[in-house]
Amino acid sequence: MIEARAIFPEPGTFRPPANAAVHHPPAAAAAAARVAGLLGLPARAVERAQGWWLVAGTTSAPLLRAPDRPDGFALAVTADRIELAGRDRAPLGYAAASLAAGGLACRRLVDFADLAVRGVHLDLKGPTLAPSYLEDLLARLGALRINTLLVEYEDKFPYPAELELAAPETVDVPALLAAAQRHNMTVVPLVQCLGHLEYALRRPRWRHLAEDERHQQLCPMHPGALEFFAATLDAVLATHPQAPLVHIGGDEPWSLGRCARCAGQRRSDLYARHVAAAARMVINAGRRPIVWDDVLYAERDPALVDALPPETVIMPWEYAAPGRTGWARWDTPQTLVATSDLLRSAPPGALLLPVASLPPEERRLIEAVKSGNHPLPWARALVARGRTVIGGAAARGADGPNRAYPRWIRRLANVRMWAREARTLGIEGVVSTAWAAYDTVSPPTEPLPSAEVALAASAALYWNADAGVTLPSWCAVLESGTVHDVRALHAAADDPLVRACAGHRLLVEATEEVAGTAAWHQDVAAADPAASTSRALAATSLDRLVRQWHAWREEYAAAIADCYSGSGAAVIAAAKAAEPLRRLAAVG
């Protein structure tokens, strides 16, 4: 339960007086039913009454006012009266949950959110989530006051048969929308308009629309590209009649400008024409489009945003932690630009460029948006240009394409940074991305259940950026503890997934040692008769480790079996064991 930011305890306990009832406007019936059940009182609608309030007592006149802040609510418990007031249906429900959590002790409290949009990204690539797990997940997120669900369907959407896009197993969209509504969440569907379309472009029906042989991106000059987007958009909008926002992607168009149609044209012009046309389709349907921001700085022109319709919401993303954001992302392929003293902190493998080496006009721009070493320079720049902004943090899939579990400490640091900077900048809110795979043809990232710790932290911090959120102790042990600590965790863990993650860490370290020794005997000591005993011991260790990996694969699949349909858990477990088993086979 999220702790209220302002609470004042008072002596005594509420005791219902004779003839007490839970009085409420008709629209507040759901919260009133919950409170009435808690108190054992009848619920009575006050006809013609308006607003979001309820009073448990003998009279119905409301006295409390909810704070005029995002999702603000107030609660007062006295000896003979309980009153709740909210800004809307959802915050009144939060007030009812606060009453249930705190019991009937007399008190007064006020609470509200720092961010109006508190979102989680549901990426449906790869193995299909079990409907029961998805329902339970939404219930947990709703209880934590997440109010936005960004859903990336890809081929899990039940597209019409004539489009030849749907996977054999698709999500039950009406059930998903109904669950989201029950838990006070707005669903934002994501319909890709340019890149990350492998799920479609690898199919014979749509291959001719691909920019090149990667089949990752539409050719923006092909006359069928916008027709394809319109067909997928229409199908999704038909099942999301209430969605006020539609995310149209637009990120990472790796092949932009490579085909014969696009040759000779500026990449920025190709992007702007195509994405602006897609955005106008969304606007014409009565919704607002959202786009990722990375092409703006990848093309070294953040002012490119002005080519998009003014209704377009921009979603800048940054997945690094605060200590790793002394740079700015710039150019294609994406480069990290920083002062020379910060280049050492860049991620392994990143392309590095000192800011002093840039042309003067580019250097002045980056130095301006990085003023004060700002960790989110492009979010800051977009706000300064008057754009509506929703940020993109990362709770899953940002630490490598095939991990068994997230780096929770990094994820918490990233989410905390976004929460505080979003509040400071005054942007609408933040969505914590949770990538299931880097693209349709990549291995699955860490399973979604392993990221729920980071999702819960997101919820708490997007509500109150100063909340004292801490991680369970096992997160730090798995991420940076000694082998001794991990062994102790493995032996004591009650949670099957925590135990399986600890087993993975131990096996990875054992593989590093055993494979290295076996390779040495294979390549260096193979002809030395004095090393025969050592070679035999190494072979025995290798065989034992292979068996342990196979056993671990079964254990890991069992730990997440309830979260995925069909063979999904087995597919994910096999992906996590594939590389170490391949490595051991190579030296066996």
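Analyst: Let us begin with a single pair: in this predicted model, L75 has L109 in strand 7 as its bridge partner. Strand 5, residues 73–77, and strand 7, residues 105–111, are joined by 5 bridges and run antiparallel.

User: What makes strand 5 and strand 6 count as paired?

Analyst: Two strands pair if DSSP finds at least two bridges between them, and 5 bridges join strand 5 to strand 6 (residues 82–86), so the two are paired, and they run antiparallel. Within this pair A74 stands opposite A85, and a hairpin of 4 residues leads from strand 5 to strand 6.

User: Why is strand 5 called largely enclosed?

Analyst: A residue is buried when its relative accessible area is under 20%, and 5 of the 5 residues of strand 5 are buried, so the strand is largely enclosed by the rest of the structure. Both of its faces are covered, with F73, L75 and V77 buried on one side and A74 and A76 buried on the other.

User: Why are helix 1 and helix 2 called roughly parallel?

Analyst: Helix 1 (residues 29–39) and helix 2 (residues 89–102) pack at an angle of about 10 degrees, with axes 9 Å apart. Angles under 35 degrees count as roughly parallel, and therefore the two helices are roughly parallel to each other.

User: Which residues of the two helices meet?

Analyst: From helix 1, A31, R34, V35 and L38 meet L92, G93, A96, A97, L99 and A100 of helix 2. By class, this contact has 8 nonpolar, 1 polar and 1 charged residues.

Definitions and conventions
Residues are numbered from 1 along each chain as its sequence is written. This is a predicted model: local features need pLDDT of at least 70, side-chain atom pairs count only at pLDDT 80 or more; totals for chains, interfaces and linings use all residues. Side-chain values use heavy atoms; hydrogens and water are left out. Axes are lines fitted to C-alpha atoms, for helices over the stretch in contact, and angles run from 0 to 180 degrees between N-to-C directions. Angles under 35 degrees count as roughly parallel, over 145 as roughly antiparallel, 65 to 115 as roughly perpendicular and the rest as oblique. Contact means heavy atoms within 4.5 Å. Ala, Val, Leu, Ile, Met, Phe, Trp, Tyr, Cys and Pro count as nonpolar, Asp, Glu, Lys and Arg as charged, and the others, Gly among them, as polar. Buried means under 20% relative accessible area, exposed over 50%, partly exposed in between (1.4 Å probe, protein chains only).
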